[in-house]
Amino acid sequence: MAEKHPFIRVFTRRKTTEEAVPEESRRWTTAVVVAAGSSTRMGGVSKQLLTLGGMPVLARSLMALNEASLVDEIVIVSREEDMLPFYDICRRYEIEKAAVIIRGGATRQQSVMIGVTQARREAAYLAIHDGARPLVRPGRVDEVICEAYRYGAATAAVPVKDTVKLADDDGFIGATPDRSRLWNVQTPQVFERGLYIRALRTAEEEGRDYTDDCQLVERLGARVKLVRGDYGNIKITTPEDIALAEGLLRNGGEQDGQMPAESGGPAFFDSPDGVAFDAALFKEER
């Protein structure tokens, strides 16, 4: 029997935003936010809950996706101990597209797979995003999604600035790749749903576990379009990254919004899929 994963069902209204592409050209897109890592390099402290510019790291990541015109819903994959704090973040910062918070797996690939199972049936595209990339811009998210519409797979990335060396087995320089063809890959990484699910199944059958979602579809021979991103879209991995991100926020002159008033907590209920909560954040019609 498949393992049951506790989850929080977040019932919210869909946010209406100006569309980046004509309505007839849109495809339903689910963002899967991966935030289930062990945070080993942070001493086990959840990096998504660290404060950045007066609010949690995860809040900034979710707010960007919530503002992206082409994201229709958000699924958050979490450590079990972080589920209720993440729920609170969704409530405090009115992440209106949030649909589900679910416990992840032992690896990143397993966590994404669990998140993908929670996407709505009509989701044609999946936008995988690191919860620890809080400085992503909503417009950049939409650009990557648009390119995925065209090519089936696309990722945010930036050209490498430094000269990169390949080491040999003895720890000496073995080769120097052409820097003009090297890119640092970021997230979001966006894929046509059928392509991504085939890639996941292939990796599972072959016993492979990847840390990058593009590798999954590359294994199938599919091409992934590189979309020029922002050097500021850093991933929070070590304590030094928080200081760097704080500096980027100050230089960007970002203004924090006001937190909405508190609302009630989640109601527990039984679910055939495991322990669940009705988060009912926005009950009234607006």
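Predicted model: local features only at pLDDT ≥ 70, side-chain atom pairs only at ≥ 80, totals over all residues.
Among the contacts in the chain with a separation of 6 or more, 78% are between residues 24 or more positions apart. The accessible surface of the chain is about 14500 Å², and carbon and sulfur atoms account for 48% of that area.

The largest nonpolar core holds 36 residues, and the members that touch the most others are Leu62, Val71, Ile74 and Ile101. Two or more residues of this core come from each of S2, helix H1 (57-67), strand S5 (73-78), helix H2 (83-92), strand S6 (98-103), strand S7 (125-130), helix H4 (138-151) and strand S8 (153-159). Another core, of 25 residues, lies apart from it and includes Ile114, Ala119, Ile128 and Leu195.

Ile74 counts as buried because its relative accessibility is 0%, under the 20% limit. Leaving aside neighbours within four places in sequence, the residues in contact with Ile74 include Ala31, Val33, Leu62, Leu65 and Ile95. Ala31 is 43 residues from Ile74 in sequence, yet their C-alpha atoms are 4.8 Å apart in space.

A loop residue can also be followed inward. Gln48 lies in the loop between strand S2 (29-35) and strand S3 (51-52). With a relative accessible area of 3%, Gln48 is buried. Not counting residues up to four places away in sequence, Gln48 touches Val34, Ala35, Pro56, Val57, Leu58, Phe86, Gly131 and Ala132.

Helix H7 covers residues 239-252, which makes 14 residues. From its first C-alpha to its last, H7 reaches 21 Å, close to the expected 20 Å. Its buried residues are Asp241, Ile242, Ala245, Gly247 and Leu249. S3 and H1 are among the elements that cover these buried residues of H7.

The next topic is charged side chains. Side chains of opposite charge can pair when their charged atoms come close. The structure holds 15 salt bridges. In one of them, Arg92 pairs with Asp88, with the closest N and O atoms 2.7 Å apart. Because Arg92 and Asp88 are four residues apart in helix H2, about one helical turn separates them. Arg92 is partly exposed at 26% relative accessibility, whereas Asp88 is buried at 19%.

Arg137 and Asp230 form another salt bridge, with a closest N to O distance of 3.7 Å. Arg137 is exposed at 52% relative accessibility, while Asp230 is buried at 17%.

Glu206 and Arg219 form a salt bridge as well, their closest N and O atoms being 3.0 Å apart. Glu206 is in helix H5 (residues 193-206) and Arg219 in helix H6 (residues 213-219). Both are partly exposed, Glu206 at 37% and Arg219 at 43%. Elsewhere, salt bridges link Arg108, Asp130, Arg133 and Asp213 in a network.

The last stop is the surface. Trp183, Val185 and Leu226 make a nonpolar surface patch of about 220 Å². Leu226 sits in strand S12 (residues 225-228) and is partly exposed, with a relative accessible area of 35%.

Key:
Residues numbered from 1 in each chain as written. Heavy atoms only, no water. Patch = residues over 30% accessible without salt bridge, like charges linked within 9 Å, V, L, I, M, F, W, Y side chains within 5 Å. Areas by Shrake-Rupley, 256 points an atom, 1.4 Å probe, with all protein chains shown as cover. Salt bridge = Lys/Arg side-chain N within 4 Å of Asp/Glu carboxyl O. Buried < 20%, exposed > 50% of the residue type's maximum accessible area, 1.4 Å probe, protein only. Contact = heavy atoms within 4.5 Å. Core = buried A, V, L, I, M, F, W, Y, C linked by side-chain atoms within 4.5 Å. Expected span 1.5 Å × (residues − 1).
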